[in-house]
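Trainee: Could you take me through the ligand site and then the strand pairing, one question at a time?

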Amino acid sequence: MSVRLRRLAQADGPRVLAWRNSPEVAAHMYSDHVIGEQEHALWLQAALTRPDRAYWIIELDGAPVGLANLVRIELEANRADLAIYLADPAVRGRGVGAAAEYLVLGHAFETRGLDKLWVEVLARNVPGWRLHESFGFTREALFRDHVRKGGVFQEVVGLGLLRREWPKAKALAEGRLARSWALPSLFLEA
Ligand SMILES: CC(C)(COP(=O)(O)OP(=O)(O)OC[C@H]1O[C@@H](n2cnc3c(N)ncnc32)[C@H](O)[C@@H]1OP(=O)(O)O)[C@@H](O)C(=O)NCCC(=O)NCCS
């Protein structure tokens, strides 16, 4: 079993559009309108070219299963916003999200040398924010009535992890991950 994060490519466009519009993914995103071809094409162009964004396709044993990204990469504050989703609920709860988070955190703190990662997760999305807490993220904010989904306001949790907290979090994560994965089978394309 392997988890590999490869950089998003133009050819991934149709697959990612289908994932993003699926109810299983849209439920956890800020916007839940149906994304059309034109809006998606603009997003994909920006995802592939803007230096303040980096996107990876998560592959489980060679099959594409989800998306991981750093966005709002700000060089002044030296931080970025992290997000991860697995498109098919059947793939969730098997350690793939944790493997992907481990790889992106290592890339962010060790390769890019960022000082902080932060995430925003709908408060009702317990697996979403628990995943980040399991990597040592601290809850830093609770944004009230922050987004509207299906006409209903939702609370959003903000969490952060600092570079100085990463070595301890990494050692703990490797202990947990080693129960499911051979660590050399986890790979991220920088
Ligand atoms: C959130 C998500 C990426 C987690 O990936 P996953 O492969 O399902 O999670 P893992 O099996 O690797 O579990 C990692 C940790 O996440 C948390 N977690 C995962 N599923 C959970 C659940 N159903 N309930 C509570 N916590 C859960 C736990 O802390 C878990 O650690 P543990 O197994 O040691 O308790 C995945 O569920 C998903 O794609 N959800 C929809 C999109 C989303 O919510 N993205 C997050 C917003 S950035």
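Trainee: How far is an oxygen atom of the ligand from a polar backbone atom of Ala98?

Mentor: This is a predicted model, and the distance is computed between an oxygen atom of the ligand and a polar atom in the backbone of Ala98. A pair of N or O atoms within 3.5 Å is taken as a polar contact. The distance for Ala98 is 2.9 Å.

Trainee: In which pocket does the ligand sit, and which element gives the most residues to the shell around the ligand?

Mentor: The ligand sits in the largest pocket. Two or more residues of the shell come from each of β4 (79-86), α4 (96-111) and α5 (126-133). The element that gives the most, with five residues, is α5.

Trainee: How many residues in the shell around the ligand are charged?

Mentor: There are 19 residues around the ligand, and Ile84, Leu86, Gly93, Gly97 and Asn125 come nearest. By class, eight residues of the shell are nonpolar and eight are polar, while the charged ones number three.

Trainee: Turning to the strands, which residue is the bridge partner of Val119 in β7?

Mentor: Strand β5 (residues 116-122) pairs with strand β7 (residues 152-162) in the antiparallel sense, over seven bridges. In β7, the partner of Val119 is Leu159.

Trainee: Which residue takes a positive phi in the hairpin of β6 and β7?

Mentor: Strand β6 (residues 138-149) runs antiparallel to β7, and eight bridges join them, with Arg148 bridged to Phe153 in β7. The hairpin has two residues between the strands, and the residue with a positive phi, near 55°, is Gly150.

Trainee: In which sense, parallel or antiparallel, do β1 and β8 pair?

Mentor: Strand β1 (residues 3-7) runs antiparallel to strand β2 (residues 54-60), to which five bridges join it, and Val3 stands opposite Leu60 in β2. Leu5 stands opposite Leu188 in β8. Over three bridges, β1 and strand β8 (residues 186-188) pair in a sense that is parallel.

Conventions: Residues are numbered from 1 along each chain as its sequence is written. This is a predicted model: local features need pLDDT of at least 70, side-chain atom pairs count only at pLDDT 80 or more; totals for chains, interfaces and linings use all residues. Side-chain values use heavy atoms; hydrogens and water are left out. A residue is near a molecule or strand if one of its heavy atoms lies within 4 Å of it. A polar contact is a pair of N or O atoms within 3.5 Å; within protein, one must be able to donate a hydrogen and the other to accept it, and residues adjacent in sequence count only if both atoms are side-chain atoms. On a 1 Å grid over the protein atoms alone, a cavity is a set of points where a 1.4 Å probe fits but cannot get out, and a pocket is an open set with protein on both sides within 12 Å along at least five of seven lines; lining residues have an atom within 4 Å of a point. A molecule sits in a cavity or pocket if more than half of its atoms lie within 2 Å of its grid points. Helices (H or I, at least four residues) and strands (E, at least two) are DSSP runs, numbered from the N terminus. Ala, Val, Leu, Ile, Met, Phe, Trp, Tyr, Cys and Pro count as nonpolar, Asp, Glu, Lys and Arg as charged, and the others, Gly among them, as polar. Two strands pair if DSSP finds at least two bridges between them.
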